[in-house]
Amino acid sequence: MAKILINKDNLFYNLEVISKKATNKDKVAVVLKDNAYGHGLVEIAKLSSEFGIKKAVVQTIEDAIKIEQFFSYILVLADSTFHNYSHTFHIAINSLEDIAKVPQNANVHLKIDTGMHRNGVSIDEIEVAFLGLLKQKATITGVFTHHRGADTLSTDFFWQNSNFSKAKAKVKEVCEKLFLPIPSFHSCNSNALFRVNNFDSMGDDFARVGIATYGYFDCDEVFDFAKLKPVMSLWASKMATRTLKKDQSLGYGGTFRASEDMVVSTYDIGYGDGFLRLNENHSYTTPKGYQVLGRVSMDNLTINSDDEEVCLFEDVTNLAKIHNTITYEITCSLKESIKREII
């Protein structure tokens, strides 16, 4: 049976590096959306809590409920149901229209659009948003933004930081006017956290760290960030073995043809499980040096091995390059039905 192994030591190593960069564990919120970037929501939540992380970020209320026991502070980024099940939960407000859906006494974080132009209210709408949230009897516990270009060498990062500084000043002005406590501020994702020389100088209360938690950055190579360790490895089990004769082909389209007699085996994972189809114009080599032969099928693939189990990857960087995508997409594509084991 195919399985994903989660390396606890590597995860703890990454969280230690991240915590030091953020100055301490209390200033780190681990991002667990999309099944913890494919690593397993509950598995990563449990381990992060064991390490000492107290804050988490998820996509939905349903995910927040699954991990409520592990964290004292959970930010829910997008959920149209807007039920308020717990004082542990903090609901992200992505637009002025969201305000009417907020249940009374909910904890909310107001998102500010500082230049990504995806979600969030404008700086000019901050006071209107605060007044609307107070009318709903919501508790404004946070104000945040999201960077569009912290992973690229451009001025966008500094421009958005400047815009968020203006937003913070406006929030403080409105809070003073309305006799409200100052909410928490947060803006840094993984790349943004590691681009700043001194996190405390940002004036943020914590960072939301996603991909770095799992051992990757996906940024321009010019950035000399800390070295992290991939947390996930993917394994598959043998289904059948045969001798492929010279000049015989295998799989859909017969795109692989044997240059000599060779032993090959099929293994129980395919694109239906989230291991994306390989472009046969590129070869892929497993960590042990085996080749994935021909096209990946829906439920299996073929390798020049007769091992009972094979490790398909320990680091998805090369696969991401083959697929001309980012590491996030490779890990997030792996289905929840694949068993996750902590080692």
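Guide: A residue counts as buried under 20% relative accessible area, as exposed over 50%, and as partly exposed in between, with a 1.4 Å probe and protein chains only. The model is predicted: local features need pLDDT of at least 70, side-chain atom pairs count only at pLDDT 80 or more, and totals for chains, interfaces and linings use all residues. Residues are numbered from 1 along each chain as its sequence is written, and side-chain values use heavy atoms, without hydrogens and water.

Visitor: What share of the chain counts as buried?

Guide: Of the 343 residues, 52% count as buried.

Visitor: Which residues of helix H3 are called buried?

Guide: H3 covers residues 41–51, and Leu41, Ile44, Ala45, Leu47, Ser48 and Phe51 are buried there. Residues three or four places apart point the same way, because an α-helix has 3.6 residues a turn. After H3 comes Gly52, with a positive phi near 120°.

Visitor: What makes a void a cavity?

Guide: On a 1 Å grid over the protein atoms alone, a cavity is a set of points where a 1.4 Å probe fits but cannot get out. By this rule there are 2 cavities of 30 Å³ or more. The largest cavity holds about 60 Å³ of space, where a volume is the space filled by probe spheres set on the points.

Visitor: Which residues line the largest cavity?

Guide: Lining residues have an atom within 4 Å of a point; for the largest cavity they are Gly274, Phe275, Leu276, Phe313, Leu319, His323, Ile330 and Leu334.

How values were computed:
On a 1 Å grid over the protein atoms alone, a cavity is a set of points where a 1.4 Å probe fits but cannot get out, and a pocket is an open set with protein on both sides within 12 Å along at least five of seven lines; lining residues have an atom within 4 Å of a point. Helices (H or I, at least four residues) and strands (E, at least two) are DSSP runs, numbered from the N terminus.
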